[in-house]
Amino acid sequence: MIFLNAVLSQQHAPEKLPAAVRAALGKPLRRAATLTQLALVGALACLPKERRHLPTALLWQSTSGPRLETLTLLEEVCHGSAEPMPYDFLASQPAIAAAQIQPFLPGLQSATHFPLDTENEANWSLLLTLASNWLNEGRYAQVLCAHLDSWAESTSAHWLALGSTALENAPANLHIRTMNYSAALPDTPDFPAALAHWLTQPSSRLLHLQSSATPRLAVEFAQI
Amino acid sequence: MTRPVYIASSGLICARGDSPAKVSQALWAGECTSGKRQLGEREFPYFSLPLSEADWLTRAEQAVTHVAAQLGPRDAETPLFLASSSFQIGHFEEQGAPFELPIATASFSRRIAEWMHLSGPRYSFSNACTSGFSAIDAARSLIAAGQLDEAIVVGIELANRSTLAGFAAMELLSRTHCQPFDAKRDGLVLGEAVAAVRLSAKPATWRITGLCTGLDAYSTTGPDPQGGPIAKVAVDCLKEAKINPADIELVKLQAAGSPGTDLAEANALRQIFGNTLPPLLSLKPYLGHTLGASGIAELVTLLACLTLDQIPTTAGFKKVDPEIALFPMVDRSNAHIQRALLNLIGFGGGLASMIIERRT
């Protein structure tokens, strides 16, 4: 049985994100790109302290990617008089986030970044299916799935924390179904917000998530 | 895992040739020359694709369609898993300011799917040098669980100045050539590649029996020199494959000629294998380090070599580094390899190991 242990959506104004990081860590996080800061704040909010040492995977998708950092890098490479600043190149590489997060989440064993190719579409169904498979295999004790975006004037973060054991307030469990559900919710970046709404005001006992690209694969949530 | 997952077919274009067979022939013949790329006043060795000059997108399309044709017949609905660390940044460089980045960062994946005539789901992976194995890991998981029957996994890394300049700015590039495990190694040499594998639940010659990913948070730019995290991932992979270190007959190294990363990998290998190491092979002196494509490009290359029982030497290795104290293969071999371990050590702390096994 796979449990949904946390559902979380966060929005931070870019200029206020460092303060949120300081509040979460008790100190600033130096030289961390915006997506890294978002990932850290959200991951710590999803996992209580006593679970941060457990074997954990982080699967995070992004529509924006490190957009602002990439623009800075392009500007330096194409119009700068010298080579780019090393930090600007590092900040354009989203895979680096995991190494900066692990000291605060010692159980983090693996992180995968899924850049998205279409606006308003997401890969939640893939992330949750992989998380479910890996939890069933015992590969990890918990998997954090996220959608993180960083734009010039806003950031957004949506999180689902899954575990092979239920936390005290786990709101739902989930199953992977290989069939089509006509009333399924679409796979969009803010799916966790819709899931949170269903959890507080359920219109039915079950909720399904299905990507239009994968008619044979759906994620079924059942309230506990 | 419930179903075994096989590598049903493959495709490749890289500096050594435009098919797996041509690449393996080139390696057997010891061809390892590289070209050059200019960056300001500096010049770096670089492994370019054997394609005629054209604009960036046209060149990308040539490479992708060429590799797609090698995969054989496939259902248009087959899911595409795409790995890259730079996607189409070379195109943006070519277009110049104002840089018009699309809203969705991996929009290039849609174009690649169109070039490959694939209309099914697309999933993109960007985990620096371990991107390819991350993509294979995901596809394999879905196939093993019965949620997919087939998947196409593509690794693509094409020339761009941003990556070259970024690595150059951090002083990680060699100015001479790639020398894995060598006493005089002085950095990595970048290259281009497009590579693909078709994974299937249907039995084929090669099976993936283990694949594990991990994380080394020692530094964002290099692994723990003791190699502990690298060893742990490989040991986890051996456990998944239910085999002992002694069952591994060949290791395809990450070894790119980086002073720090090569040492960490060597220390990890001693922890895994003790004093009885299997033959060690690095393919990067032939292909360059193709970053997000490297996992798949080196897997396809290795399979082509192993299928012919023609294992090349590790070009570029001349003098053992006393600190590393390991010798990669210096003589060609016709050994019939049953099981091989493939290592990836990624920029940013990503780690991955895979075990492939020949079906008898």
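**View 1. The interface of chain A and chain B.**
In this predicted model, 54 residues of chain B are in contact with 54 residues of chain A. The two chains bury about 4500 Å² between them, and 61% of this area lies on carbon and sulfur atoms. Across the interface, 21 residue pairs are found in polar contact. Helix 3 (89-95), helix 4 (108-115), strand 5 (122-125), helix 5 (131-144), helix 6 (161-169) and strand 9 (206-215) of chain B each give two or more residues to the side of chain B that touches chain A. Helix 6 of chain B supplies the largest share of that side, with 8 residues. Sorted by class, the residues on the side of chain B that touches chain A are 29 nonpolar, 18 polar and 7 charged.

**View 2. Salt bridges between the chains.**
Side chains of opposite charge can pair when their charged atoms come close. Over all chains, the count comes to 16 salt bridges, and 3 salt bridges are found across the interface of chain B and chain A. One salt bridge joins the side chains of A:Arg139 and B:Asp137, at 2.4 Å from N to O. In another, the side chains of B:Arg122 and A:Asp117 meet at 2.6 Å, again from N to O. This second pair crosses between chains: B:Arg122 belongs to strand 5 of chain B, whereas A:Asp117 lies in the loop between strand 3 and helix 6 (124-137) of chain A.

**View 3. The largest pocket.**
The largest pocket holds about 680 Å³ of space. Its lining consists of 32 residues, and those nearest the centre of the pocket are A:Arg139, B:Leu211, B:Cys212, B:Asp236 and B:Glu240. The elements that give two or more residues to this lining are strand 3 (108-115) of chain A and, from chain B, helix 5, strand 9 and helix 7 (228-241). Strand 9 of chain B provides the largest share of the lining, 8 residues. By class, the lining of the largest pocket has 14 nonpolar, 7 polar and 11 charged residues. A:Arg139, one of the residues nearest the centre of this pocket, also meets B:Asp137 in a salt bridge.

**View 4. The largest cavity.**
The count of cavities of 30 Å³ or more comes to 6. The largest cavity has a volume of about 330 Å³. Its lining is made up of 23 residues; A:Thr70, B:Ser85, B:Ser86, B:Phe87 and B:Thr105 lie nearest its centre. Two or more lining residues come from each of helix 3 (67-79) and strand 3 of chain A, and from each of helix 3 and helix 6 of chain B. The largest share of the lining, 3 residues, comes from helix 3 of chain A. This lining divides into 10 nonpolar, 12 polar and 1 charged residues.

**View 5. The second largest cavity.**
About 90 Å³ of space lies in the second largest cavity. Its lining has 14 residues, with A:Ala111, B:Asn127, B:Thr130, B:Gly214 and B:Gly350 nearest the centre. Strand 3 of chain A, together with strand 9 and strand 13 (350-358) of chain B, each supply at least two residues of the lining. Strand 9 of chain B gives the largest share, 3 residues. The lining of the second largest cavity comprises 6 nonpolar, 8 polar and no charged residues.

**View 6. Backbone features in two loops of chain B.**
A cis peptide bond joins B:Ala97 and B:Pro98, with omega at about -5°. B:Pro98 is located in the loop between helix 3 and helix 4 of chain B. B:His117 has a phi near 60°, a positive value in a residue other than glycine. The loop that holds B:His117 runs between helix 4 and strand 5 of chain B.

**View 7. The surroundings of B:Asp75.**
B:Asp75 is placed in the loop between helix 2 (56-70) and strand 4 (80-83) of chain B. A polar atom of the side chain of B:Asp75 lies 2.7 Å from the backbone nitrogen of B:Glu77. The C-alpha atoms of B:Asp75 and B:Gly288 are separated by 33 Å, and the two residues are 213 residues apart along the chain.

Notes:
Residues are numbered from 1 along each chain as its sequence is written. Chains are lettered from A and ligands numbered from 1 in the order in which they are written. This is a predicted model: local features need pLDDT of at least 70, side-chain atom pairs count only at pLDDT 80 or more; totals for chains, interfaces and linings use all residues. Side-chain values use heavy atoms; hydrogens and water are left out. Contact means heavy atoms within 4.5 Å. Buried area is the accessible area (1.4 Å probe) that two parts lose on being put together, summed over both. A salt bridge is a side-chain nitrogen of Lys or Arg within 4 Å of a carboxyl oxygen of Asp or Glu. A polar contact is a pair of N or O atoms within 3.5 Å; within protein, one must be able to donate a hydrogen and the other to accept it, and residues adjacent in sequence count only if both atoms are side-chain atoms. Helices (H or I, at least four residues) and strands (E, at least two) are DSSP runs, numbered from the N terminus. Ala, Val, Leu, Ile, Met, Phe, Trp, Tyr, Cys and Pro count as nonpolar, Asp, Glu, Lys and Arg as charged, and the others, Gly among them, as polar. On a 1 Å grid over the protein atoms alone, a cavity is a set of points where a 1.4 Å probe fits but cannot get out, and a pocket is an open set with protein on both sides within 12 Å along at least five of seven lines; lining residues have an atom within 4 Å of a point. Grid points are joined across faces, edges and corners, and a volume is the space filled by probe spheres set on the points.
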